[in-house]
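Please examine the sequence and the model before reading on.

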Amino acid sequence: MQDIVIQAEGLSKRYQRQRASSYRTLRDSLAETLRHPWHLFARRGPGREWFWALREVSFEVRAGEVLGVIGRNGAGKTTLLKILSRITRPTAGRVWVRGRVGSLLEIGTGFHPELTGRENIYLSGVLLGMKRREVAARFDRIVEFSGVGPFLETPLKHFSAGMQTRLAFAVAAHLEPEILLVDEVLAVGDLEFQQRCLGKMSEVAQGGRTVLFVSHHMNQIRHLCSRCLWLDNGQLRADGATQAVVAAYESSALNLTAPPAAPRGCEVVGWELADSRSPHTLDHAGPVIIRFSAWLTEPIARGTLRLQLTDALGRVIWHVDWRFTGLPAGPCIFSLKLAHLPLRPGPYGWRAAMFDGGRWSDTQSLTPPLVVALPPIAFALGEFHSVLDLPFELEACPVPAEAIPRDHSSCS
């Protein structure tokens, strides 16, 4: 179809991996040659094996689409982008790419370390098939975005990793390729630079160009991408709407199939959402009912249930100690009802403990974790600043300067 700009059919890439071999001195090698001279004519390697970085990957990308690519380290994400950038060739399969491709895959890719920043900007334009005057028309915007103006006449080899990344992204985004490929290399930049890059990629996408974005920050993927590919051990495990694919990936990465711990006393042993399509994936902000399964080895006349909700770093973001009375021995269900649970998308954890009237049980980290699969409300980098994803409205109104010290009332 006319609006398809990338079409991959059965893409596979095989690499040779060399196994470690024992160290041999020159004397050992000469002695071996004298004992077995015919080995000189034998074709034998030091122990090599093959592995597939990509295996039978097929997909299509349409013009103007923003496609996220996710997966664990070694899943094949960078290999895929290198094939699309024509840096490497597939071992099997075919790929069609229609349009000029700008890529930011590794620090320094497409740059020459001996050339200055200025010279590398023009070199990148030539490699993209642009004329010198076309690059010159965008030169000032590239320098302003990158922030490396004072170092333009310095050879690139003297740039820090962050400076090289700034310049490389500025060049890739401002030379206006029809297709922009961006790898996790953005993680090298500081927070302010990452935010500017995400804003620029949104601007590129809104201009009708195509973006493929690899990232381990799932909230960035959720905010920027409408569709997502999930690569797992070189194979395409899922291709679909971002919210669903990211939720499935986070569930898999957190090992949601882990069995609950065997009860050892009066303690909480499991949990589930009572009103969600998935028992451990939250797809709405509320109201929410969460059921906690407990096992009581003896009756409890007066006890306390402690629940803690933690973020991905293990920090407690909500805590409650709830007192209860008159529960018999055996299984029990505690139902927690929350009017709202406005969390940012991502993984969270539950911790629980129980006081039976005489002692506290050990605090249990319940499995599986809670995965929040809500569409993000606020800006993409909010995950670095806060946990809650609250709907909000802001209003500004000018007031006379003399009113500030005396009157802090809100605007009417």
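Helices (H or I, at least four residues) and strands (E, at least two) are DSSP runs, numbered from the N terminus. The model is predicted, so local features need pLDDT of at least 70, side-chain atom pairs count only at pLDDT 80 or more, and totals for chains, interfaces and linings use all residues. Residues are numbered from 1 along each chain as its sequence is written, and side-chain values use heavy atoms, with hydrogens and water left out.

**Exercise 1.** Determine the secondary structure of the chain and its share of buried residues.

*Solution.* The chain has eight helices and 17 strands.

**Exercise 2.** Describe how helices H4 and H5 pack.

*Solution.* Step one: H4 spans residues 132–146 and H5 residues 161–174. Step two: their axes (lines fitted to C-alpha atoms over the stretch in contact) lie 8 Å apart, at an angle of about 140°, where angles run from 0 to 180 degrees between N-to-C directions. Step three: residues in contact (heavy atoms within 4.5 Å) include Ile 142 and Phe 145 in H4, and Leu 167 and Phe 169 in H5.

**Exercise 3.** Is Leu 84 buried or exposed, and which residues does Leu 84 touch?

*Solution.* Leu 84 belongs to helix H2 (residues 77–84). Leu 84 is buried, because its relative accessible area is 1%. Not counting residues up to four places away in sequence, Leu 84 touches Ile 6, Phe 59, Val 95, Val 97, Val 101, Leu 181 and Leu 212. The C-alpha atoms of Leu 84 and Ile 6 are 8.4 Å apart, although 78 residues separate the two along the chain.

Definitions and conventions:
Buried means under 20% relative accessible area, exposed over 50%, partly exposed in between (1.4 Å probe, protein chains only).
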